[in-house]
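Please read them with the structure open beside you.

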Amino acid sequence: MKLIIVAIITFVGVHASAQVASLQLKNGWMYSADSGMITGAFLTIQNRSPQPDTIIAAIAECAEHTEIHTTVRNEDGTMGMRPIPELIVPSRGSLVLKPRSLHIMLYHLRKTLRPGDRCILFLRSKRHGTLKTELIVRR
Amino acid sequence: MKQRAVFWTVLVSAVLLLGGCDAAHPPSSSRLQATDGRTYNFPADLRGRIVIVSFIYTHCPDICRMTIGHLLDLWERVGGDTNVVFATVTLDPARDTVAALRQYAEVWGIPSVRWLLLTGTIAEVERVHKAFGIVARKSYTERLPTGESVYFIDHTDAVFLLDRNGIVRDRREGSSLDVRKYAQMVQQYIRGQ
């Protein structure tokens, strides 16, 4: 647990506060799940700056491990998920993470989260440093 | 008009056959354990009711969650009718024990009456998958910083409607289910048989 808190503080420590306003995290939510289980989180990343940005890491307070994932449809029609190293947020545009598409994967929840509960998510971007948002738990 | 009916019958039959289901015969059955504590010869033991069959695994955070979300909405529309049973079969019998499925049902608020979550031995569950034309295979394994490995499953995204004789009458993607239209179809089967 201490290690995680240090990791989050380090993550937040790279904060580029002057530029944060041009990259904003909105409408964050996640699926409910039991303690120890895996679940998905979703949000919109809005970039008002004239340059594209790249999200390179994610940490959620409520999960032991966090990754960026995408949902894929294989040639045989099956669906699955794959980790991806980064998310590109277009200049003066938005990137929407949503079900059946891009999402944040939360491994092993630290406690059971029911609808209405909240979890803090940090995303680290190349140009704007670390951003923080709150995920609201839905059914 | 008659030609149109024949066309649609042929089309639906072709789609079901391509998906691994025989439109004229019920899928073969297997012995599965359910969250209600009983063992079922599934799906044969559910004949006499309209059965909504779905496939999920509890470690699936996206597609299966969408499917369950839609099915919960569907339940609110048709679940009160005792002619309907929901049956959700695991795609991951190695991890999804009856206890794991019960826990999943509790988190999601899945009703404990007339909504069965089913698992069994790997062989029995795979027989059910085959009977419904479901593909489920391990895709990639994530190694967590703790050293633990977590695997994921690539799988068919499908929901089936079985009529009172156990014959598959409809198959479509569960994660993109149009609940309103699907509920109307379920109600037509309830009234029509």
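1. How many bridges join strand E3 of chain A to strand E6 of chain A, and do these strands run parallel or antiparallel? The two strands, E3 (residues 53–60) and E6 (residues 87–89), run antiparallel and are joined by three bridges, where strands count as paired if DSSP finds at least two bridges between them. Within this pairing, Thr54(A) has Ile88(A) of E6(A) as its bridge partner. E3(A) also pairs in the antiparallel sense, over five bridges, with strand E9 (residues 118–125) of chain A, and there Ile55(A) has Ser125(A) as its bridge partner.

2. Before going further, please note that this is a predicted model, in which local features need pLDDT of at least 70 and side-chain atom pairs count only at pLDDT 80 or more, while totals for chains, interfaces and linings use all residues. Residues are numbered from 1 along each chain as its sequence is written, and chains are lettered from A and ligands numbered from 1 in the order in which they are written.

3. The predictor gives the complex an ipTM of 0.78 and a pTM of 0.85. Chain B averages a pLDDT (the predictor's confidence in each residue, from 0 to 100) of 89, with 87% of the residues scoring at least 70. Over residues 5–11 of chain B, however, the pLDDT is below 50, and this stretch has zero contacts in the model beyond near neighbours in sequence, a contact being two residues whose C-beta atoms, placed from the backbone, lie within 7 Å. Where pLDDT is low, the predicted coordinates should not be read in detail.

4. Chain B has five helices and nine strands, taken as DSSP runs numbered from the N terminus (helices H or I, at least four residues; strands E, at least two). Helix H3(B) has Ala100(B), Leu101(B), Tyr104(B), Val107(B) and Trp108(B) buried, that is, with 20 or more other C-beta atoms, placed from the backbone, within 10 Å of their own. Seen down the axis of H3(B), these buried residues line one face of the helix, because they fall within an arc of 120°, taken over the directions from the helix axis to the C-beta atoms. They pack against H2, strand E4 (84–90) and strand E5 (115–119) of chain B. Gly109(B), which follows H3(B), has a positive phi, near 75°.

5. The contact between the chains takes 24 residues from chain A and 24 residues from chain B. On the chain B side, helix H2 (63–78), helix H3 (98–108), strand E6 (136–143) and strand E7 (149–155) each supply at least two residues.

Key. A residue is buried if 20 or more other C-beta atoms lie within 10 Å of its own, exposed if 12 or fewer, and partly exposed in between; C-beta atoms are placed from the backbone.
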